Amino acid sequence: MNRSLVQRLGFALLGLAALIVVVPILFVILTIIVRGAQAIDWEFLVAMPRDGMKAGGIFPAIVGTVLLTLGTAIAAIPVGVGGAIYLAEYARDTWLTRAIRLAIINLAGIPSVVYGLFGLGLFVLFLQFGTSILAGSLTLAIMTLPIIISAAEEALRAVPTEFRTVSASLGGTRWQGIRYIVLPQALPGIITGVILGMLRAAGETAPILFTVAAFFLPRLPQSAFDQTMALPYHLYVISTQVPGMPAEIQYGTALVLLALILSMSTVASVIRSYYRRRRQW
Amino acid sequence: MAKNDVSTAPQPRWIEFAIEALIRVLGFSSIGFVVLIFLFLLREGIPVFFEVLPGNLVGTRWYPTFDLFGMLPLLLGSILVTVAAIAIALPLGLATAVLVREVAPNWAREILKPMIEVLAGIPSVVLGFFGMTLVAPLIRETLGAPTGLTAFTGALILAYMSLPTIISVAEDALDAVPKSYRDAGLAMGATQWQTIWRVVVPAGRSGIVTAVMLGMGRAIGETMAVMMVTGNAARMPLSLDSLFRPVRTMTATVAAEMGEVAQGSVHYHALFGIGIILFVLTFAINLVAASTIFQKRRRGGLR
């Protein structure tokens, strides 16, 4: 057979594979938007659930997810950024540094449900936080660490060495160079990484199953030691545990969760591309 | 004079010293967390290996209410779904990576990349919900399976969940192959198609293996979507048609049953025991994947 014909057929095959990858993604998103939009009105967003969750809104689940995400951010940002500063600015290439990198790769690979077990064992039972926002946020924070560390390290490494040299030549200490020169330059990249970590936390279900999530709690949480409903767990509950659930409410909940996460990832990529274009080095 | 020096510095030395010490501690925290996770899994899970006879644990039946804790069907269930998912995702992912890196014009790349990023961001529970409501009925009708909640349904969803990982790692692997390799292939008179499959892809082999390993790690640990679409029947998937029957994975078992067990019971310890197995499995998979990454770094890569 003609070689260029083989090539053309081959490329067509690659295109077909890409279509098989992309079309279902579009289909999932469009279906959820079209069917979910029918359920969403003001009441759905700001009312408590009624009639065994078959009517009313999903307000407590939205608030719960926002609180959990904020809690995760508070716990994960200092540890993640600190860890990244160590790796990018202080660590030398020793076996210990390699052990840290290996640990990060492994943290990223641990199944989400195992994080749930760990959170149950350490935070809920051993430290006696109970099933609480505190326990859930801390569990999610450890899960998002590898995402934040890798992104922040990459952002710090992207700042040219000359910036540090100049800072040192002006009499600045190493920490002053990091604090006043390197960190501000790397900030957009770090923020992008933090958002990526947070959207992972907002969408996860398994780590919060045994650490914080409430099946049905038609009030807002009172403190960090309170349970809360959360969007992903709520979607799981109303699509598997409650018979006779109206499909609109399921699609509506899926859409709210999806919209939250896609808007976060849009913000992240806007920040990334905006600063990449403005960057002068 | 010495006093003056200190006051012109923005921060006293000891604060800086404390900050740097703190950063060192935070740098090592990742190791601490991995150890902590493993310790707490052991603490809650080890008892099961004393409370339940070994013969029972490796048995073929998981019926906790009858004190039967055979983990084999769960392990095989996880393996079946994972292998099937990779069998679907690898050809699709590799083809997409090759298309994006080697063939596609810029505009196509600009469409494909964000779509794959979006896929990576869709929460597992949303895909599980979608799988339950739309994919399962489709499979029920086309294959005649009683519910449509089968290992295959799970594998299909999992394949899409591991695609972003496989595509991006495979892309990096292709990207690391020097341009001179391609030039050499083309100069020998090979078409671009031949150059891709006989020069570029073989040269990026180790990175593609890494992509498969990381995709597998992602698939075997996936919980919610799998629990929602595989039907959760703890039976041995041994016959040929197992792929089109309900199956139950280790992750789904933990997620579904942990809410109902009494803390400290044998069942509770058994679920943490499954957690230990999952931890060790994914640790091993990631170790293999990481070792290929480190090897490349030490050799200075292909660049």
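**Entry 1: conventions.** I worked on a predicted model, in which local features need pLDDT of at least 70, side-chain atom pairs count only at pLDDT 80 or more, and totals for chains, interfaces and linings use all residues. Residues are numbered from 1 along each chain as its sequence is written, chains are lettered from A and ligands numbered from 1 in the order in which they are written, and side-chain values use heavy atoms, with hydrogens and water left out.

**Entry 2: chains A and B.** I looked up contacts (heavy atoms within 4.5 Å) and found 78 residues of chain A touching 76 residues of chain B. The size of an interface is often given as the accessible area lost when the parts come together. I noted a buried area of about 7,000 Å² between the two chains, 79% of it from carbon and sulfur atoms; this is the accessible area (1.4 Å probe) lost on being put together, summed over both parts. Of the area that chain B buries against chain A, B:Ile23, B:Phe129 and B:Trp193 supply 10%, more than any other three residues.

**Entry 3: H10(A) against H7(B).** Helices are DSSP runs (H or I, at least four residues), numbered from the N terminus. I found H10(A) packed on helix H7 (residues 124-143) of chain B, with axes 9 Å apart and an angle of about 15°; axes are lines fitted to C-alpha atoms over the stretch in contact, and angles run from 0 to 180 degrees between N-to-C directions. The two helices are therefore roughly parallel (under 35 degrees; over 145 is roughly antiparallel). The contact involves A:Pro232, A:Leu235, A:Tyr236, A:Ser239 and A:Thr240 of H10(A), and B:Val125, B:Val126, B:Phe129 and B:Met132 of H7(B). By class, I recorded 7 nonpolar, 2 polar and no charged residues.

**Entry 4: H10(A) against H11(A).** Within chain A, the axes of H10 (residues 231-240) and H11 (residues 247-278) come within 10 Å and cross at roughly 160°, which means that H10(A) is roughly antiparallel to H11(A). Among the residues making this contact are A:Leu231 and A:Ile238 of H10(A) and A:Thr253 and A:Leu260 of H11(A). I recorded 9 nonpolar, 4 polar and no charged residues there.

**Entry 5: A:Glu153.** I located A:Glu153 in helix H6 (residues 133-158) of chain A. Its relative accessible area is 9%, so A:Glu153 is buried (under 20%, with a 1.4 Å probe and protein chains only). Leaving aside neighbours within four places in sequence, A:Glu153 contacts A:Ala84, A:Leu87, A:Ala88 and A:Arg101.

Technical notes:
Angles under 35 degrees count as roughly parallel, over 145 as roughly antiparallel, 65 to 115 as roughly perpendicular and the rest as oblique. Ala, Val, Leu, Ile, Met, Phe, Trp, Tyr, Cys and Pro count as nonpolar, Asp, Glu, Lys and Arg as charged, and the others, Gly among them, as polar. Buried means under 20% relative accessible area, exposed over 50%, partly exposed in between (1.4 Å probe, protein chains only).
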